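Please open the structure in your viewer and keep the selection panel at hand. The tour below moves from stop to stop, saying what to select and what is found there.

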Amino acid sequence: MASHSLQGLLSKNRAEELDLDVWQHFVVPPFFEKLDLYTARKPRVILGGRGCGKTMLLRYLSHQSTFSRLRKSIPLDTISHIGLYWRADTHFLNLFTGRGVDDDRWHSAFLHSAAIILGIEVLASLHSVAVSSCLAFDEARLDILDFSKLKAFDADLPHKYTELRAALEQRLWSFQAWVNNARKLPEPTFLAGEVFVAALIREIQSQIPELQQANYFVYIDEYENLKEWQQRIVNTWLKHSQIPLIFNLAMKRNSMRTQQTTGPESLTNIHDFRIHDLEALLDDDFSLFAAEILFLNLSLANQPTPVEPSILRSPDGIRARQDPKYRDGIRTAVRALFPDMTHREMAERVFSDAPLTLKLRQRVRQALSQRGSQLNADDFVLASQPEASIVSPSLLFRTSLDPSYVRAELRKLDEGDINDFTGSRDWIHNNFVGSYLQLYGPHSKPCPLFAGFQTFCQLAHGNIRYLLELCHTSLNRMDDWDGQQGVPIDVQADAAREASASFLREVRSSGPKGLQLHGFVLRLGSLLAIAHQRPTQSEPEQTHFSIGAGSTSLTNEDQDFLREAVKWSVIYEEPETKKKDVGEPEGFEYVLAPIYAPYFHISYRKKRKLKLSTDDVIVLVRGSYEQVKELLRRYSAAWEVEPSELAPTLFSHLGDEFDENQDAGSEHRGRFGH
Amino acid sequence: MKIRMQEASTAAGLDISRWGTCIHGVALDDRGNAAVTFASANSARSLAASYSSESFQLTVGSVSVDAEQAADALNGQINGVTLLETTTLGFVEIYLCVKALRCMGAVDVALLYVEPRDYSGLRRSHLLHRREFDLSDEVPGFRPIPGATLVTTSHTSQRAVFFLGYEDRRLESAFEGQHVTPSDSSVVFGVPAFSPGWEMNSFANNIRVLKGSNIGTIAFCGAESPAAAYDVLAEVYDSLAPGERLIIGPIGTKPNGVGVALFAGTHPDVGILYDHPKRSVKRSKAVSGWHLYTAEL
């Protein structure tokens, strides 16, 4: 089997890795019709985190994909929507400042760059249509186009199609030279931005009647990287968008630094544009959509799959994909590839693994000893009740429960009577995941909780790139995979841990605050990892936090930092729920991105909240190392977590001072908690 | 370009003649102090240089100019053969000075580089260390350099060459935020490294990014050799397809960066992607090998 080509395909999980024509790789998302892109006359703002598929969507909408040469037939009416993709070249655009050139000239230079780049794109779109299977017009029609009227913008512009395109490309090079050496080279004749582009489109429509009803949709990617004054210019284009030239944006959350335009009016949501949050739109359909993408990739690697690629690539196929039978088929197939385990199966696994059974028994003994109970540990480790046995140690550690009461309830369960394990107190349901994670221990073998396609989807949290990487890392570990067999649980869980560690390191490249964000995730993840090690599991699965009162308020910079963390999807911001005090003001809670859960060996589910003071949050965001150490020590003591319970892979640094202080000649060797 | 290279275990082992002017940066560690002391003692005049990636200003001595006017900053301040003290100068200062010297008709340039005996906190491990929890300064990120910034669009074609060091984050940031795709990129490891085994740090740290990136090609050149770096670039440059441009990412060793500066300083059509890292105080310990390079411009 062509496993190499398969791995190659799966590893290309960024749109930038593909050509501009992404048609064969694209799966039309189920929410596509909601975007109303083909008939809309109002700009669209596409929001979403890193890896959620913004660029892929924009490229699919662009002429290179719409009129892909790989499409065997393209309906005539396809030319009513012509997409022009423009990924803002921030490296180049950041050069547009100072150096003896006044701001007005740089403003004009920005318009000029837009005119050239979009002008070339408009002309390229004509070629895309002409050479495609769309029968609207052919290449010969391009040769007879006359662009003489554009000389009004620059008298030296040629009037023929091919020469005009070459002239714009030549202007791009000479413009590049001027921007690089603006003091010494003569200023070029600046073209008038969107006005030039609109004029070019009018000329084309006046000479190609088939395009008279066509609308041109500019898709500007990575808007967040533009300087604020450049965003104001783009905002102006948005505000004044009208057919046949509509501007649309794609960006991460919290990225629109200004809603101002270059005029007196600001942009207003709904009135001037519509926002579509891709992750919110996917929501419940994510797992099915992700499975379809995975299967399309497998299909491109010539593997048998339950999907028909042509249906996935076409908006017309969405209805067929809503069929429950089809959806069940996809779900069954993907579950066969990445199987998971029920909690019962996971618990049974412990009983077939001697070291884990021993560890479970030891934890029960430890709890009984701590409680001063003489009961027999074997009474709480029952192969006939594996799930209840897993949660027993946590219950026994709780001073509010008498060990003999727990034993009595376990006996009732075993005898089929009403009991607290499955009854109204639902001990198993509430404590299983936390207890299981604790049992597997952070230094132990891969935990089955992190296996299964549904689990992968929850870890990915709407991020297609994360999902594909989890699948890719799993398949990569299968030496002789035949394209059909399911990936074993341990292999998946181990792959999840590897991918999680890899994505954690990636945080450091998340913009200018990347290193600080990385430190923040490490600090927060460590705190949550300690929370998960609480012997009582009294608050199991704490994976998110809210911010309560403290002695110091968060500064604007702290708030900006949290926004930056949301922008780069290392945490998710959600309206606060389950407030214990109804009098508290409305706030937000922040969920650590679940993709980091396998690394920190914590739950990926949003279950219980940790209420942090502003002081604690400040330490996590910008505290010194000593303050972080003190915070972790304080919570560890409050939660009665022994340092020996913590993962050496996570917390070895707390005993690192000796190494770090060697430079300074210190012989001090600090130990966490001592 | 002819690049002569000398190496000695101490400064006394270098075969030198006095230089007219030495241009140096700020010394932040033992080797920096040793290098600036040596360079100044053997030059008729010493000038400190610095570059601001925010304002694009180059300052040499007391003269500040925009980057594209680097020659104006050197004009009237230098005399005879110039020594660039590259241990303390940043990459951009070296590049702008090389470009300016060539523009001014200099025949050759000397470049000094002193190795550290060890880097502080340079460990390779799967365990977390305190330094990962310590807060780091903001990384300025990839900021353009006037005179070395190419425009990229859907219709331009470019090949990138990255010289790699210890920090995988730098390569990853380039792929994340810049218009270069891994498949159109080559990465160059500094092998042999300054000390046996150091190359493993670079491999281990970068392997994660390379594994997930479909990198075009992987190459190797001596970590302490500007000439080898220059040759790698010349080879790629000569193999560019018509219309294809070369973008260089000097995010590896300083000597490799010197090779990049010499190449880019004499090839105005190439672009540079550089992330302007802030050098930390006491980043390295003690002094090891001394290198003197002389390049004909």
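Axes, as the term is used here, are lines fitted to C-alpha atoms, for helices over the stretch in contact, and angles run from 0 to 180 degrees between N-to-C directions. Helices (H or I, at least four residues) and strands (E, at least two) are DSSP runs, numbered from the N terminus. This is a predicted model, in which local features need pLDDT of at least 70 and side-chain atom pairs count only at pLDDT 80 or more, while totals for chains, interfaces and linings use all residues. Residues are numbered from 1 along each chain as its sequence is written, and chains are lettered from A and ligands numbered from 1 in the order in which they are written.

**Chain A: a helix pair**

Begin by selecting helix H16 (residues 343-351) and helix H18 (residues 386-397) of chain A, whose axes come within 8 Å and cross at roughly 75°. H16(A) and H18(A) are therefore roughly perpendicular to each other, given that angles under 35 degrees count as roughly parallel, over 145 as roughly antiparallel, 65 to 115 as roughly perpendicular and the rest as oblique. To display the contact (C-beta atoms, placed from the backbone, within 7 Å), select His343(A), Arg344(A), Ala347(A), Glu348(A), Val350(A) and Phe351(A) on H16(A), together with Pro386(A), Glu387(A) and Ile390(A) on H18(A). These residues divide into five nonpolar, one polar and three charged, where Ala, Val, Leu, Ile, Met, Phe, Trp, Tyr, Cys and Pro count as nonpolar, Asp, Glu, Lys and Arg as charged, and the others, Gly among them, as polar.

Next, centre on Glu222(A), which has a positive phi of about 60° although it is not a glycine, and which sits in the loop between strand E3 (215-221) and helix H10 of chain A. Then move to Pro244(A), in the loop between helix H10 (228-239) and strand E4 (245-251) of chain A, where the peptide bond from Ile243(A) to Pro244(A) is cis, with omega near 15°.

**Chain A: a four-stranded sheet**

Select the open sheet of four strands, which run in the order E7-E8-E6-E9 (chain A) with mixed pairing; two strands pair if DSSP finds at least two bridges between them. Strand E7 (571-575) and strand E9 (608-612) of chain A are the edge strands, each pairing on one side only, and neighbouring strands of this sheet are turned by 35° against each other on average, direction ignored. Inside the sheet, strand E6 (residues 542-547) and strand E8 (residues 588-592) of chain A pair in the antiparallel sense over three bridges, with Tyr590(A) in E8(A) as the bridge partner of Phe545(A).

**Chain B: an eight-stranded sheet**

In chain B, display the open sheet of eight strands in the order E1-E15-E7-E6-E2-E3-E4-E5, again of mixed pairing. Strand E1 (3-8) and strand E5 (63-66) of chain B stand at the edges with a single partner strand each, so one side of each has no neighbour in the sheet. Neighbouring strands are turned here by 20° against each other on average, direction ignored. E1(B) and strand E15 (residues 290-296) of chain B pair in the antiparallel sense over six bridges, and the bridge partner of Met5(B) in E15(B) is Tyr293(B).

**Chain B: between the domains**

Colour chain B as domain 1 (3-118 + 281-296) and domain 2 (146-272), whose C-alpha centres lie 23 Å apart. The contact takes 19 residues from domain 1 of chain B and 18 residues from domain 2 of chain B. On the side of domain 1 of chain B that touches domain 2 of chain B, the largest share, six residues, comes from H3(B).

Finally, select helix H5 (residues 168-177) and helix H6 (residues 198-211) of chain B, whose axes come within 8 Å and cross at roughly 20°. H5(B) and H6(B) are therefore roughly parallel to each other. Their contact is made by Asp168(B), Leu171(B) and Glu172(B) of H5(B) and Asn205(B), Asn206(B), Arg208(B) and Val209(B) of H6(B).

Conventions: Two residues are in contact if their C-beta atoms, placed from the backbone, lie within 7 Å. Domain bounds come from an automatic or database domain assignment.
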